[in-house]
Amino acid sequence: MMINEERIAAYINSLDRGLSPQLYELEKEAVKAEVPIIGKETQRVIRFLLTLIKPKRILEVGTAVGFSALFMSEHSPADCMITTIEKVPMRLAEARKNLKDERFPDRGKITLKEGEALGILRELAAAGEKYDFIFLDAAKGQYMNFLPELMKLLVPEGILVTDNVLQDGTVINSKFSITRRDRTIHMRMREYLYTITHMDELETLILPVGDGIAVSYRKPA
Ligand SMILES: C[S@@+](CC[C@H](N)C(=O)[O-])C[C@H]1O[C@@H](n2cnc3c(N)ncnc32)[C@H](O)[C@@H]1O
């Protein structure tokens with residue numbers, strides 16, 4: 001059992017190298033507007049993995065206002081292309097604006113796909129698109145439905161990062177202690193985590209930091 005996890009998390013956060021000034025501004029705006037963007041822990045995991053594997057094609061499910069896409073644009077190789085999916089009109093309006101904003105030097109890497117993720121994932125898979133890094137950060141209840149499509153899109157040796165998998169820790173609670181409203185999501189997240197940790201094609205690491213981050217590596221074919 002870790003001692004005083006909050007203080008340890010605060011100490012680790014104090015070592016964070018920080019964002020570029022333009023991302024720092026966007027992060028502040030998004031937090032103020034209560035847009036759920038990736039936290040410091042997820043930022044560091046993504047930044048580390050992007051630096052390590054230097055992906056050429058990134059797929060993101062869940063753009064919100066474009067913060068994480070712009071973050072990835074600053075930490076990926078110059079010739080990397082990023083496709084990101086969002087469906088909510090209010091978020092899309094903000095995302096379109098941010099992804100055109102001249103403050104962000106690497107915005108040209110990013111393509112926004114507008115609509116329901118499942119349909120877009122199916123279209124991308126049918127078109128034979130492939131990605132070496134996938135970031136899944138959308139409606140948690142749908143991850144199991146997305147997974148077969150994501151497996152068509154993820155290349156061997158590619159990485160799938162899933163955010164918020166521990167749901168503030170409630171994922172470990174008995175389903176009987178969870179309100180009916182949240183029970184379906186709870187069961188679906190457990191099913192998703194069991195599946196990605198037991199699939200032959202994947203090697204998955206679940207990090208109990210932030211809201212829980214799963215990092216899955218697709219083994220060579
Ligand atoms: C947690 S936010 C994404 C935050 C973003 N990745 C960031 O860190 O800047 C999740 C987003 O996914 C979108 N979303 C959820 N389910 C979706 C779906 N089925 N299709 C498309 N977008 C979806 C929501 O509208 C929301 O804006």
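Select Thr63 and Thr84: their side chains make a polar contact at 2.7 Å. A polar contact here is a pair of N or O atoms within 3.5 Å; within protein, one must be able to donate a hydrogen and the other to accept it, and residues adjacent in sequence count only if both atoms are side-chain atoms. The model is predicted, so local features need pLDDT of at least 70 and side-chain atom pairs count only at pLDDT 80 or more, while totals for chains, interfaces and linings use all residues. Residues are numbered from 1 along each chain as its sequence is written, and side-chain values use heavy atoms, with hydrogens and water left out.

Stay on Thr63, which sits in the loop between strand 1 (57-61) and helix 4 (67-74). Helices (H or I, at least four residues) and strands (E, at least two) are DSSP runs, numbered from the N terminus. Thr63 counts as buried because its relative accessibility is 1%; buried means under 20% relative accessible area, exposed over 50%, and partly exposed in between (1.4 Å probe, protein chains only). Neighbours within four places in sequence aside, Thr63 is in contact (heavy atoms within 4.5 Å) with Thr84, Ile85, Glu86, Ala95 and Leu112.

Seven of them form an open sheet of mixed pairing, in the order 3-2-1-4-5-7-6; two strands pair if DSSP finds at least two bridges between them. Strand 3 (110-114) and strand 6 (202-207) are at the edges with a single partner strand each, so one side of each has no neighbour in the sheet. On average, neighbouring strands of this sheet are turned by 15 degrees against each other, direction ignored. Axes are lines fitted to C-alpha atoms, for helices over the stretch in contact, and angles run from 0 to 180 degrees between N-to-C directions.

Select Ile206 to find Ala214 of strand 7 opposite.

Now select the ligand. Which residues are the closest to the ligand? They are Ile38, Gly62, Ser68, Glu86 and Arg91, among 21 residues that surround the ligand (a heavy atom within 4 Å). A ligand nitrogen atom lies 3.4 Å from a backbone N or O atom of Lys87. A polar backbone atom of Ala117 is 2.9 Å from a nitrogen atom of the ligand, and an N or O atom in the side chain of Asp137 is 2.9 Å from a nitrogen atom of the ligand. On its own the ligand has 610 Å² of accessible area (Shrake-Rupley method, 1.4 Å probe), of which the protein covers 92%.

Move to strand 5 and select Glu157. Glu157 has a positive phi of about 70 degrees, although it is not a glycine. Most residues other than glycine have a negative phi. Asn164, in the loop between strand 5 and helix 8 (180-198), also has a positive phi, near 60 degrees. Asn164 counts as buried because its relative accessibility is 16%.

End at Gln167, found in the loop between strand 5 and helix 8. Is Gln167 buried or exposed? Gln167 is buried, with a relative accessible area of 10%. Not counting residues up to four places away in sequence, Gln167 touches Lys140, Ile185, His186, Met189 and Asp211.
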